[in-house]
Amino acid sequence: MNEDVKKIGKADEREIDLIHLIYNLLRGWRSIIICTLVFAVILGGLKYTRDVQGSGAGITYQTAVEGLSEQELEEVEKALSYQRRMEDKLSYNNNSIRMNLNAYEKSTVTLQYYVDTDYVVDISQPIQKDYASELVDCYVSFVENKGIINELDFDWKADEALLSELISVGGRVNNSTDQTNAVKEFSGTFNIYIIGEDLDMANELADAVETCVNEYQAMLSQKIGEHVLNLVGRSESLVADKTLADEQISVANSLVEMKTKLKDMTGALSSLQLQVFNGEPQQDKAEQSSIRVTPNIKYILLGGIIGLIIACGMIAFHYILSGNIKTIKEVQNIYQLRLLGSVRIDLGKKKVLSFVDNWIDLFFGNEKVPLEEQEQLVVANLLMTCKKNNIKEIFITTSLHFDEQEQAVIDNLVKVMEMAGVNIIYAENVIRNAKSFEQMANVENAIIIERLEKTKYTLFENELTLLEHQQINIMGTIIIESY
């Protein structure tokens, strides 16, 4: 066993117990919270101070504008311009009847017109020009170019541009003349489509369109030539318009994208730029508007996150590089030593919100057991080992100098063992204490007592090596830990 101890005790690599590392991180919650708050205050305060210095408390809008560079003003103007574009599109989306229609039940009235000029081709007569095609073009242009909007007698309180969306023209058909026939009538048709919130509105608007087209026909008859404009048919229907549905979805998606982009643009502005962005450009209001700088929540949160990472990193860094024995498993697995018992000592230091520590201990299975019960278990295990191996004398050593509370536990163990008939030779720090080394000369069996988070790997390994060289049987180890 001692040969194994020597080899393993000098091992350069050791595994890190992640669960115990997490336990140490949680037990350091006070330091983590303090570090988080400190960095949140520092970074948030630095940002606030910078904003105050950059903006100045109580300055006017005009002073704020003058405090920005040309590039910063350009960034503000770009954000304002983009905001105006978004507001225009939002207003259009909210006020346009077309954008708010049910695209799958669109109320539509169709007016189908036929232009008749009574034109005939007669080779016995001088060639005459057929102006039917020009007339149809005039009617189509009258509707397409929104000229009809100015002539409509319709009660419309919104923007005329929104009204023009409800009226469209199409379905034009021209039958060309055939010169091989002696007589062939030329005719053209076109359709006017009117939509509305419902069929009642569509019909009301269609009546106004019909009246307006008839008045336009009288004017064209005087300027171009006599003709007959026949209303071939008038129909109403509820139709599904996929094109309109796609357009409505496109406008809605565009608004969402614009809002996101505007948020990103304003998020990149400084506090002073935001004051200009939110201010009124009029001089009279600008002089009355003062700048108010508020703490930047984003920087406070960022500082808190940085503090949290630094605190956790320092705890983990100390845990990994401390060079101290951290868990009982290390003693058992690395050094192949038998655990004769462990004692958890309450240091008696009352901390703020200590119940949180108790919850953490319970979660990781570290329940509090009375000290007397722990000592009794250790003594019972020692006595059983001595009885089985017929051991009458034990050498107890350590690599540490224990404090008063820890020494009291050891003294009590020694006292109980001696009362049970086992001679105990207790030597403090056998590595550095010459007297303790001399006491070790004639003993055969030894027990090592060490303290978690306090015993160094190197000293413990030196202690094992020393006992091995003296050919002393190491019965096991007793571990002391605190909470």
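Ser 399 touches Asn 429, Ile 431, Glu 450, Thr 455, Leu 459 and Glu 463, leaving aside residues up to four places away in sequence; contact denotes heavy atoms within 4.5 Å. The model is predicted: local features need pLDDT of at least 70 and side-chain atom pairs pLDDT 80 or more, while totals for chains, interfaces and linings use all residues. Residues are numbered from 1 along each chain as its sequence is written, and side-chain values use heavy atoms, without hydrogens or water.

The side chain of Ser 399 also makes a polar contact with that of Glu 450 at 2.9 Å. Such a contact is a pair of N or O atoms within 3.5 Å; within protein, one must be able to donate a hydrogen and the other to accept it, and residues adjacent in sequence count only if both atoms are side-chain atoms.

Helices (H or I, at least four residues) and strands (E, at least two) are DSSP runs, numbered from the N terminus. Helix H13 comprises residues 297–321. Its buried residues include Gly 303, Gly 307, Ala 311 and Ile 315. At the start of H13, a side-chain oxygen of Asn 296 lies within 3.0 Å of the backbone nitrogen of Lys 298. Gly 323, which follows H13, has a positive phi near 80°.

Technical notes
The expected span of a helix is 1.5 Å times one less than its number of residues. Buried means under 20% relative accessible area, exposed over 50%, partly exposed in between (1.4 Å probe, protein chains only).
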